[in-house]
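Subject: Structure for your review

Dear colleague,

Please find below the structure that I am handing over to you.

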Amino acid sequence: MMKFLVLLVRNRLAAVGGVLLLVVVLLALVTPLLPLQPPNVTNTADRFLAPFAPGHLLGTDHLGRDLLSRLLWGTRLSLAVGFAAAMIAATIGAAIGIVAGYFGGRIDNVIMRGVDMLMAFPYILLALAIVAALGPGLMNALIAVAAVNVPFFARNIRGITVGIANKEFVEAARLAGMGHWRIIGIEILPNVLPVIVIAVSTTIGWMILETAGLSFLGLGSQPPVADLGSMLGEARSALITNPHTSVVPGVMILVIVMGINLLGDGVRDALDPRLRSGALTRPMPATTVARDTVPAPRGEGVLDLTELETQFHVGKRIFRAVNKVSLTVAPGECLGVIGESGSGKSVTALSIMGLVASPPGVITGGRADYRGEDLVGMPYDKLRSLRGDRIAYIFQDPLATLHPLYRVGEQLREAIQVHHRVGRAEAWGRAVDLLRSVRIPNAENRARAYPHELSGGMRQRVGIAMALANEPDIIIADEPTTALDVTVQAQILSLLDDLRRERGLAIVFITHDFGVVGQLCERVSVMYAGRIVEEGPTRAVLDAPAHPYTRRLIACVPELGQGRRRLHSIPGLPPPVDNLPDGCAFAPRCDKAQDACRRCEVTLDTAGARAVRCLYPEEDLSVQGGTA
């Protein structure tokens with residue numbers, strides 16, 4: 001609960017809405033205790049007094065009644081009716097939606113066809129028809145407003161319930177012998193409750209407006225009792241001559257509805273787990289840069305990272321996801337970046353392109369040079385022109401990155417036309433050629449397919465084709481074969497290797513599999529806790545790993561056809577990057593760690609083509625001279 005309130009308050013618009021609504025609700029609650037004039041007592045001698053008249057702070061209406069008193073009592077009544085209508089509609093609508101979505105079949109069809117019939121009528125006409133049938137009155141207006149909003153809740157909750165009802169945990173509850181109503185109460189309701197809360201918080205304002213509209217037409221609150229809508233209805237005849245009689249209730253309606261809507265948006269965001277990243281604002285187009293100093297460029301390859309640092313600022317916590325990483329990739333070279341999940345591989349790759357979400361991500365140091373130009377802090381228009389053109393990215397899950405509503409050929413055509421002025425027909429032809437180049441059979445027909453119509457291997461080939469669309473100099477491949485079976489994985493790796501050799505591409509290949517590194521990469525950098533711990537030629541590192549972490553990673557890889565051997569594992573877990581230990585981050589898991597490893601920072605020692613961040617390495621690189 002406390003975390004929810006903290007997230008809610010950090011959303012400034014939601015906080016403003018909450019303050020407005022809190023003030024209005026407090027005024028409504030203390031209205032009976034305030035020294036106000038009777039709201040329904042008329043005095044025609046004081047009719048249409050202007051605001052700030054003696055004894056009447058907001059003036060009087062056409063019958064001489066005090067507007068401040070009527071406003072507060074009317075606000076109290078409007079809030080009560082609006083909240084009551086919302087609770088009734090949410091309770092009935094959610095119950096209908098859960099029952100229809102859970103049981104499905106004929107029950108679902110019967111219930112939802114009835115809901116569709118109600119939704120076929122304009123809601124205000126349906127409300128007018130209900131009030132006309134029941135008769136004018138505030139209670140009947142409440143019933144009408146609640147009734148016309150029941151279908152909204154029913155359809156939304158039914159859609160959520162359908163997705164939950166077939167989940168494994170619901171099936172497990174059925175196998176355990178739980179009855180339907182118990183499953184609904186224990187398994188279904190807790191999962192749809194946040195959706196109900198969000199729906200209520202975002203629709204109360206509309207219900208207050210609907211109630212006010214019925215009262216404005218004379219079908220809600222009846223004289224002499226007033227709510228905000230009836231006050232507007234009574235003041236419309238004097239709108240020109242005495243506008244304050246309309247402005248007073250109108251401003252109150254505006255404040256209430258704005259407050260509820262702003263607070264409702266904040267509640268929706270605070271309850272959404274995808275936005276609990278420490279800030280409720282949407283990511284910026286490029287990662288925020290906050291560097292105190294900028295190191296000198298290395299100028300060694302087509303892509304050079306120099307002391308790159310990327311952090312995530314979540315409240316008072318600082319996560320050092322990338323901690324002074326330096327890498328170099330030469331033209332036509334494939335560099336493998338390997339490590340456990342959470343070691344900083346993907347964040348390093350995303351930092352190059354400025355794709356780390358901000359907030360909470362911030363690049364706090366170092367640089368990333370493409371052909372001598374620093375990508376970190378580059379003007380967005382120029383950075384955007386490089387993305388997908390000179391530097392391309394292959395994401396891990398193509399089903400999530402390809403647009404589900406567009407054909408793959410259209411997406412390839414768009415990737416070309418964004419960076420180059422070519423006609424639609426020419427771009428389409430190039431898109432089909434790209435599909436052929438990544439060995440997709442029947443490319444013409446496949447180009448007209450949607451992503452869901454392709455297999456995982458085919459989608460990954462489309463992702464590769466999109467990366468190749470503008471003949472880039474660098475491709476960053478973020479675990480592109482993780483979700484594929486071994487046969488398709490081998491095909492994708494062979495394809496990438498052939499394309500690299502044919503086109504002279506530089507590839508940064510992120511993986512957690514040394515088998516993939518051995519097959520594709522010429523050099524390898526091993527990452528742990530946001531840092532490079534070992535680097536060197538792939539064959540040299542595989543044959544003689546120097547860092548204990550590298551040795552343990554290689555020992556975890558099964559080797560087929562090599563006879564029986566023990567399959568090792570690395571004890572413990574990687575350290576949290578917001579609380580890294582002093583000294584070597586791997587020391588708590590290392591069987592060679594000594595006191596010196598825990599006392600001081602360990603530097604990356606370089607010997608020729610090899611480098612290792614360890615005080616007691618497995619191999620003496622100075623003896624090898626980096627030529628292994």
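I begin with the loop between α11 (345–353) and β5 (361–370), which is where P359 lies. The peptide bond leading from S358 to P359 is cis, and its omega is near -10°. Please note that this is a predicted model, and that the values given here are computed from it.

A cis peptide bond is also found between P223 and P224, where omega is about 5°. P224 belongs to the loop between α8 (180–216) and α9.

Backbone phi values deserve a mention as well. F48 is not a glycine, yet its phi is positive, at about 55°. This residue sits in the loop between α2 and α3. A positive phi, near 65°, is also taken by G315, in the hairpin of β2 and β3.

That hairpin has two residues between its strands. Strand β2 (residues 303–314) and strand β3 (residues 317–329) run antiparallel and are joined by nine bridges. Within this pairing, H313 stands opposite I318 of β3.

For helix α9 (residues 228–235) and helix α10 (residues 244–271), the angle is about 150° and the axes are 8 Å apart. Angles over 145 degrees count as roughly antiparallel, and therefore α9 is roughly antiparallel to α10. The crossing of α9 past α10 is left-handed.

The residues that meet in this packing are as follows: from α9, L228, M231, L232 and A235; from α10, T245, S246, P249, G250, M252, I253 and I256. Sorted by class, the contact comprises eight nonpolar and three polar residues, with no charged ones.

Side chains of opposite charge can pair when their charged atoms come close. Here the side chains of E234 and R65 meet in a salt bridge, at 3.3 Å from N to O. The pair links distant parts of the chain, with E234 in helix α9 and R65 in the loop between α2 (12–30) and α3 (67–103), 169 residues apart. The structure as a whole holds 30 salt bridges.

With kind regards

Definitions and conventions
Residues are numbered from 1 along each chain as its sequence is written. This is a predicted model: local features need pLDDT of at least 70, side-chain atom pairs count only at pLDDT 80 or more; totals for chains, interfaces and linings use all residues. Side-chain values use heavy atoms; hydrogens and water are left out. Axes are lines fitted to C-alpha atoms, for helices over the stretch in contact, and angles run from 0 to 180 degrees between N-to-C directions. Helices (H or I, at least four residues) and strands (E, at least two) are DSSP runs, numbered from the N terminus. Angles under 35 degrees count as roughly parallel, over 145 as roughly antiparallel, 65 to 115 as roughly perpendicular and the rest as oblique. A crossing is left-handed if the near helix is turned anticlockwise from the far one by less than a right angle, and right-handed if clockwise. Contact means heavy atoms within 4.5 Å. Ala, Val, Leu, Ile, Met, Phe, Trp, Tyr, Cys and Pro count as nonpolar, Asp, Glu, Lys and Arg as charged, and the others, Gly among them, as polar. Two strands pair if DSSP finds at least two bridges between them. A salt bridge is a side-chain nitrogen of Lys or Arg within 4 Å of a carboxyl oxygen of Asp or Glu.
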